[in-house]
Structures are given as structure tokens and as C-alpha cells.
Amino acid sequence: MERIIKFLEENAPFFFATTDGTQAYVRPFGLVLEYEGRLYFSMGTYKESYRQLVANPRFEVCAADDSGHWIRIRGKGVIDADPALETLAFEKSPELRNIYNEQTGHKLGFIYLAEGVAEFCDMSGGYECIHVKA
């Protein structure tokens, strides 16, 4: 888990993909968390990405570094409303308080990877697959 989070943090923004019907949507994300041994991603509950995950919890994440290495994470997510996650997110990224607060009415939503894989790859054909199960 530590290796996955480190790669995503060092290569932010990473790209998060969801689907709406048959159409895929990709957007840049920057916050990733580990909490109780789970890999979490966060987005505003008012955003399309959150609504798409509620309808279809399958997602993919991809990030690449400057040396030709990349990670692809895919699987099924689970929405989690534990208030401790918001506290952790604000500690890690205090600037989020400017967006998610009582004045704006915006709330953070969280999803963790419950079952899936993280694949580390490189341009020379290197490949390592880590199975994730929460």
C-alpha cells in the first residue's frame, strides 16, 4: 500500500476514470489516502465523478513518472462516509477547506478500493501486479 500511495503522490495529478452508461470520463485528481489499511480517493459529492461512482463503483486510476514508469489501478470501490476521512483529508491538504465548508455547502466524498489490482509497469516491459482486497 505504501508503494502505491507514494507513487501516486509523487506523480500527482493522477488520472481517475469513471463511466456514465457506456461513456468513460477521466479527470485529474491529487488526493489519495490510506486509512485502516485501505486505499482511498476523494472527490466532491456534488461532482459528476461521485454520482458516476454511486451508479457504477468500477473505476481506474493511472499515473506516470518522468522515467517511463507508470501505475494503473482498477477495481470496485466502496463509498465510505466515515467522518474521520474528512479530518484526515483536511490535515493532508488544508487548502481543501476553502472548497469544502459550511459556506459553500460542498462536502467531500470518499471511495476505497475494495477489490482490484495495482499494476506497476515500465517502458521496457516490466510488470508487477498487486492484488488489493479490503
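Visitor: Which strands supply at least two residues each of the lining of the largest pocket?

Guide: Rolling a probe the size of a water molecule over the atoms shows where empty space is left. A pocket is an open set of points on a 1 Å grid over the protein atoms alone, where a 1.4 Å probe fits, with protein on both sides within 12 Å along at least five of seven lines; lining residues have an atom within 4 Å of a point. Here strand S2 (23-29) and strand S4 (38-44) each give at least two residues to the lining of the largest pocket. Strands (E, at least two residues) and helices (H or I, at least four) are DSSP runs numbered from the N terminus. The model is predicted, so local features need pLDDT of at least 70 and side-chain atom pairs pLDDT 80 or more, while totals for chains, interfaces and linings use all residues. Residues are numbered from 1 along each chain as its sequence is written, and side-chain values use heavy atoms, without hydrogens and water.

Visitor: How many residues line the largest pocket, and which lie nearest its centre?

Guide: The lining has 15 residues, and Phe 29, Ser 42, Met 43, Lys 47 and Tyr 100 lie nearest the centre. The space in this pocket is about 210 Å³, a volume being the space filled by probe spheres set on the points.

Visitor: Which residues of helix H2 are buried?

Guide: Buried means under 20% relative accessible area, exposed over 50%, and partly exposed in between (1.4 Å probe, protein chains only). In H2 (residues 48-55), Ser 49, Tyr 50, Gln 52 and Leu 53 are buried. They sit on the same side of H2, because they cover an arc of only 160° around the axis. The arc is taken from the directions from the helix axis to the C-beta atoms. Val 54 and Ala 55, on the other side of H2, are exposed.

Visitor: What do the buried residues of H2 pack against?

Guide: They pack against strand S1 (14-20), S2, S4, strand S5 (58-64), strand S6 (69-79) and strand S7 (108-122). Contact means heavy atoms within 4.5 Å.

Visitor: Which residues of helix H1 are buried?

Guide: In H1 (residues 2-10) they are Ile 4, Ile 5, Phe 7 and Leu 8. These buried residues fall within an arc of 160° seen down the axis, so they line one face of H1. The face turned away from that buried side carries the exposed residues Glu 2 and Glu 10.

Visitor: How many aromatic pairs does the structure hold?

Guide: Rings of Phe, Tyr and Trp (its six-membered ring) pair if their centres lie within 6.5 Å; planes under 30 degrees apart are stacked, over 60 edge-to-face, the rest tilted. This structure holds 10 such pairs. The pair of Phe 16 and Phe 41 is edge-to-face, because the centres are 5.5 Å apart and the planes are at 65°. Phe 16 is in S1 and Phe 41 in S4, so their pair ties together parts that are 25 residues apart in sequence. Phe 16 is buried at 0% relative accessibility, and Phe 41 at 1%. Tyr 46 and Tyr 100 form a tilted pair, with 6.3 Å centre to centre and 45° between the planes.

Visitor: Which residues do ring pairs link into a cluster?

Guide: The cluster consists of Phe 14, Phe 16, Phe 29, Phe 41 and Phe 59.

Visitor: Where is the peptide bond that is cis?

Guide: The bond from Ala 12 to Pro 13 is cis, with omega near 0°. Pro 13 is in the loop between H1 and S1.
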